[in-house]
Amino acid sequence: MEKMHGKNLILANMWVAFTFFMVAILLGVFQVLSRAGYVPGLQIPELYFGSVSTHGVIMGFVLTTFAIMGFGYFAAVNSLKMNIPHKWFGWTGFIIALTGTLMAASMLLSGQASVMYTFYPPLKAHPLFYAGAALLVVGSWFWAFHMIWMMNKWKKENPGETVPILMFGTVANAILWLFTSLGVTLEILFLLLPWSLGWIETVDVGLGRTLFSWTLHAIVYFWLIPAYLVLYAIVPKEAGGKLFCDEMARISLIMLMVISVPIGMHHLYMDPFQAAGWKLVHMVGTLLVALPTLFTGFTVLAGLEIAGRLAGGRGPFGWFFAVPWGKPVVLAGMLSLLMLTFGGFGGLVNASYSLNALVHNTQWITGHFHLIFAGTSIIMYFAFAYYMWPKVTGKELFSTKIALWQLWLWFIGMLTLTLPWHYLGMLGQPRRISSSPYPEVVREGWALQELGMFIGGVILMVSAVLFIYNLLRTHGNTISVAPAFNNVECLNPAARMPALLNGFGFWTVLIFFYLIVGYGYPVLQFFLMETHGVEPWGI
Amino acid sequence: MHIDKLEKFWIWLTTITAFAATGVLGFYALHLNIHPPSNVETIDSSRLHLSKEFNENNLGVKKNADGSVTVTLVAARYGFFPSHIKVPANTPVKLRIASPDVLHGFHVPGLNFATMVIPGYVSEVHAKFPKTGEFFLLCNEFCGLGHDHMWSKLTVTNK
């Protein structure tokens, strides 16, 4: 059996991600049960808010960060065909991130950090929670620098060659993450950690929320870019097609990287401490960042059409039926694009400066980000796992049939969960409530939607269990496969890739200046006006 | 660099759509003057009860000389004070609200009347209610273990 270089590092990251994922799934089922109110004895606010906080932190920070690190090492080793230089560097990052995760998780599970995924000052959590979150981020920086390092080393050894799209996008994501994670890290190190330790008495809640918003939007693209990379670099290849246009794929990735960081203020539309003009500026950026996503949709569908036509599909729609949907990663690609379409429409509502007032902090928002994150992104993490597990372990996937079932269930469960949530939001149901002790007239029309939410949650749990089961059984599979990986071919390969589309020097400088324009004054204003800090509060 | 004709068409189409959406929202904002609450006004939350505006005796609904109405509210664990407010329909209403403790927020199902309430800052919302009836302010930001129970009544009466 051939062994892939970096196998242990890749699998260690992946298994941390998916183990915590399974914990968070069980919490999610508890939450829909609590909210639906079917078991009144289970409606305990302490449990619910602790559970929501843990679910959010695990899904948003732990599952994603570790899965993306594993993905990155796989991408680097295979697309560049080179070994990881100084593997200990990657292991150091992994251990720091894991230590941080365990610190934060112990505080979350013991109810000492029920302050939600967005930290919510002036609610105060245990200092170990903040320190753990910061360590998780710092650990991931080792990975980010490792990715940049590997790409530069490869470019030096292969002058004039085009960096494969899989690695190009991974490095774009690493750079994006270094810029975007700075906001939350500053908030933790200079505000929340010293404040929770009692070293400073008060924090400025406006400043804290502004710093978090800096991280809060681009982090979504940090989660999403690996999904897009599977769509660009793996789905067309597996379907038997080609990447429609390498240059456009690179332009989209660069746009995501540059535009997505300084637009986070659309999370603060309803907050009184930022002026209207800045919110409007951030809205323009928010609408522009929809463009690379629309370009991605075009390129990926074109790649699938090429595959369908090469397989003998004819006519305007005939190609669709010739695409090999029986391959998990191809099926997941289509389901992911469908969820992206639904979720994208909702996102345009949230992004709208004035329309946002109707949906802000309602269950609509929860529906939206579950579609985009748990739907669009995570289904591609599953697909990637099915694709890479055999290559990394050298063992055939235990069951393709279970994998296909699992992906369909995830898709159906996600829609059953999130479409009612959108509707509940329009009816006015707030997000983040553990029960709804409101007058009957307020609750009108909620019950049926809550049933949908509950059924959706259960379907998703079944799907998650099938996923973990399939991966575990794959480790014990006796049928060997070769770990061959080939980079996707392009329909019209560029003879020579322009330097701007083959590296990040210029773009990094551009993000830096755009970030100063977008966040410079909005952060600085808190030091220019007389503000009043707030002392810590328990829940 | 090679970009296909079809793809060029798609790039133009989506770019024009994005700018058109920006134009529409920009028009609402700049011409019709529709903005989210963005007054950037600080206040010492720990001394809210001693402030001129948000002390207990000054809360509630007040008619102004020009016929408009000012509502002064405090959002605190776990209610909006005063807990029942009555405002006239089709009248400009200015709501000013502050928190003495943690984050709160509210929206009113059936109306586009909403804001966040951030300790250390005053939120100001402008509205005009087109129809009469009973409405409810629901706290929509996690504020502690009693969060679910934080709601209050808003009655819109005939002018």
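**Entry 1: a charged cluster in chain B**

I began with Glu53(B), which is partly exposed at a relative accessible area of 25%. For my own reference, buried means under 20% relative accessible area, exposed over 50%, and partly exposed in between (1.4 Å probe, protein chains only). Before going further I noted that this is a predicted model, where local features need pLDDT of at least 70, side-chain atom pairs count only at pLDDT 80 or more, and totals for chains, interfaces and linings use all residues. Residues are numbered from 1 along each chain as its sequence is written, chains are lettered from A and ligands numbered from 1 in the order in which they are written, and side-chain values use heavy atoms, with hydrogens and water left out.

Next I looked up the partner of Glu53(B): its side chain meets that of Arg96(B) in a salt bridge, 2.5 Å from N to O. The term stands for a side-chain nitrogen of Lys or Arg within 4 Å of a carboxyl oxygen of Asp or Glu. Arg96(B) sits in strand β6 and Glu53(B) in the loop between β1 and β2 (60-63) of chain B, so this pair ties together parts 43 residues apart in sequence. Strands (E, at least two residues) and helices (H or I, at least four) are DSSP runs, numbered from the N terminus. I also saw that salt bridges with shared partners join Glu41(B), Glu53(B), Arg96(B) and Glu124(B) into one network.

Arg96(B) itself is buried, with a relative accessible area of 8%. Glu41(B) is partly exposed at 27%, and its side chain also forms a salt bridge with Arg96(B) (2.5 Å, N to O). Glu41(B) belongs to strand β1 (residues 41-42) and Arg96(B) to strand β6 (residues 92-98), so here the linked parts are 55 residues apart in sequence.

**Entry 2: where the chains meet**

I turned to the interface. Chain B and chain A bury about 5,400 Å² between them, 71% of it on carbon and sulfur atoms; buried area is the accessible area (1.4 Å probe) that two parts lose on being put together, summed over both. On the chain B side, Phe142(B), Leu145(B) and Asp148(B) lose the most area to chain A, together 14% of what that side buries. The contact (heavy atoms within 4.5 Å) takes 71 residues from chain A and 60 from chain B.

How many salt bridges does the rule find across this interface? I found one: Glu141(B) pairs with Arg432(A), and their closest N and O atoms are 3.8 Å apart. In chain B, α1(B) gives the most to the side touching chain A, with 14 residues.

**Entry 3: two buried spots in chain A**

I checked Thr362(A), in the loop between α13 (356-359) and α14 (363-393) of chain A. Thr362(A) is buried, with a relative accessible area of 1%. Not counting residues up to four places away in sequence, Thr362(A) touches Gly425(A), Gln429(A), Pro430(A), Arg431(A) and, from the other chain, His107(B).

Ala218(A), in helix α7 (residues 218-239), counts as buried at 0% relative accessibility. I noted that Ala218(A) and Thr180(A) are 38 residues apart in sequence but 6.1 Å apart in space, C-alpha to C-alpha.

**Entry 4: helix α16**

Last, I looked at Leu448(A), which lies in helix α16 (residues 446-475) of chain A and is exposed, with a relative accessible area of 64%.
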